[in-house]
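Please look through the structure shown here, with attention to its pockets and to the packing of its helices.

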Amino acid sequence: MNLKFYLLTPLFLASFAQAQTKIGAVQGVGAKSPVTGRTVEIEGVVTGDFQDADQLGGFFMQDNGDGDEATSDAIFVYAPLNRADSVDVQAGNFVRVSGIAEEYSGQTQIGRPKVQAVVGVKVKQPQPVVLKWPLPVGVSAERYESMLVTLPQSLTVTSNYELASYGSLTLSANGRLFVPGAMGGDKNTESAMAQENTRRALVLDDGRSKRGSKPVPYLNAEGTRRSGDTVANLTGILSESFEAYRIQPTVEPQITEANPRPPLPAVGGTLKIASFNLHNYFTTLKRSGNEARGAESGPQLARQSAKLLAAVRAMNPDILACIEVENNGERTVLDFLSKLNAVTENAYASVGAPATGIGADEIRVALFYKKDKVTPRGEAKSDTTPIFDRPPLAQSFSTPNGAVFTVIVNHFKSKGSCPENGDIDE
């Protein structure tokens, strides 16, 4: 590429001779650098500074181009500040870097660098490259890797799964993404949709790489961020890691709450019944060689329990139907009951396992109820016919006014385990 911006003044010319290698020659036209493993010397302006300990551990730099539109004119320099020989740079500093061309998690970088910088003196930043996402079919984002870019369009928050853990939101062009298998069609249709989803997706990152960094970014006043919200005029560095292209913002993203939470519906009745996936609540700690799926340590189990109990207290159900409880007799069910009663003044009891059994899967379903609200009527039942991998559990209850009703809790098969043939809708 060939970008026009001012890098040098007579002061800089006196301090730096012409670098031996253009950044575009280090990046090359393919997914990997053609000079991987070699020592290179480059120079340019710092466009993004992420050197702090809880950040990416380096900075992005960009030069004025090599005239080749197929090559990126920017690169990441791995230079964390916790190293004795690191130089603290800022966006706008003009730098010369000598180091080893490397590939890390799909991104070309300079490792083991020696950095010379005009520290404290800033030069004019390059103008961001204007991109429209997704890029045209056949055009790889590799040509813009590590460059300063801007996307004036509106992108949609399509997943907040990694927001709390890694500070990132998955965005998508042209509306939200949907799981290909949920839309019907044959395998070719699903494959084509999956490829299109990959093209449309872009991760809004936060310039950090550690898990659980605080504060969590991009939250609204209510401390959350909903899928369906939108981001426009996104400006930052286009990086690549963990099989995804990402924007590391250099300008604070402006997020519009385009999908507000609907108001709570007016609900009548005198009993509150809730269904809750405990997400693999196991009292058996996960170890190499066992079948446990939950916490790996006592502190992890304590954190998991605290979150689950807080959610139950907030819901305050009269009957609680749970799924993904460890299937080890009544031990884990009674463990959760004990913890639940410790925070609810002994309000709950559990429905015992039925005589027909609860299945042989690693996880099971369970029922808890408030003792002063309902009374079990008859014995619990389950359906252990082969169509159910996880047998549903049924229990009838009566209320103080004489009403009788039955609650059934089930855990249907995950889509990922559906058979390839036969009754695939079972």
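Predicted model: local features only at pLDDT ≥ 70, side-chain atom pairs only at ≥ 80, totals over all residues.

**Pockets and a helix pair**

H5 gives the most, with six residues. Sorted by class, the lining of the largest pocket has eight nonpolar, eight polar and seven charged residues.

H5 also packs against another helix. Two packed helices are described by the angle between their axes and the distance between the axes. For H5 (residues 298-315) and H6 (residues 331-342), the angle is about 60° and the axes lie 10 Å apart. H5 is therefore oblique to H6. The crossing of H5 past H6 is right-handed. On the H5 side, the contact involves Leu301, Ser305, Leu308, Leu309 and Val312, which meet Phe336, Lys339 and Leu340 of H6. Six of these contact residues are nonpolar, one is polar and one is charged.

The second largest pocket has a volume of about 550 Å³. It is lined by 28 residues, of which Gln55, Leu56, Tyr104, Ser209 and Phe242 are the closest to its centre. The elements that give two or more residues here are the strands S3 (74-78), S4 (93-104), S5 (107-122), S10 (230-241) and S11 (244-249). S10 supplies the largest share of the lining, three residues. By class, the lining of the second largest pocket has nine nonpolar, eleven polar and eight charged residues.

Methods:
Residues numbered from 1 in each chain as written. Heavy atoms only, no water. Axes fitted to C-alpha atoms, helices over the stretch in contact; angles between N-to-C directions. Helix = DSSP H or I, 4+ residues; strand = E, 2+ residues; numbered from the N terminus. Parallel < 35°, antiparallel > 145°, perpendicular 65-115°, else oblique. Left-handed = near helix turned anticlockwise from the far one by under 90°. Contact = heavy atoms within 4.5 Å. Nonpolar A, V, L, I, M, F, W, Y, C, P; charged D, E, K, R; others polar. 1 Å grid on protein atoms, 1.4 Å probe; cavity = no way out; pocket = protein on both sides within 12 Å on 5 of 7 lines; lining within 4 Å. Points joined across faces, edges and corners; volume = space filled by probe spheres on them.
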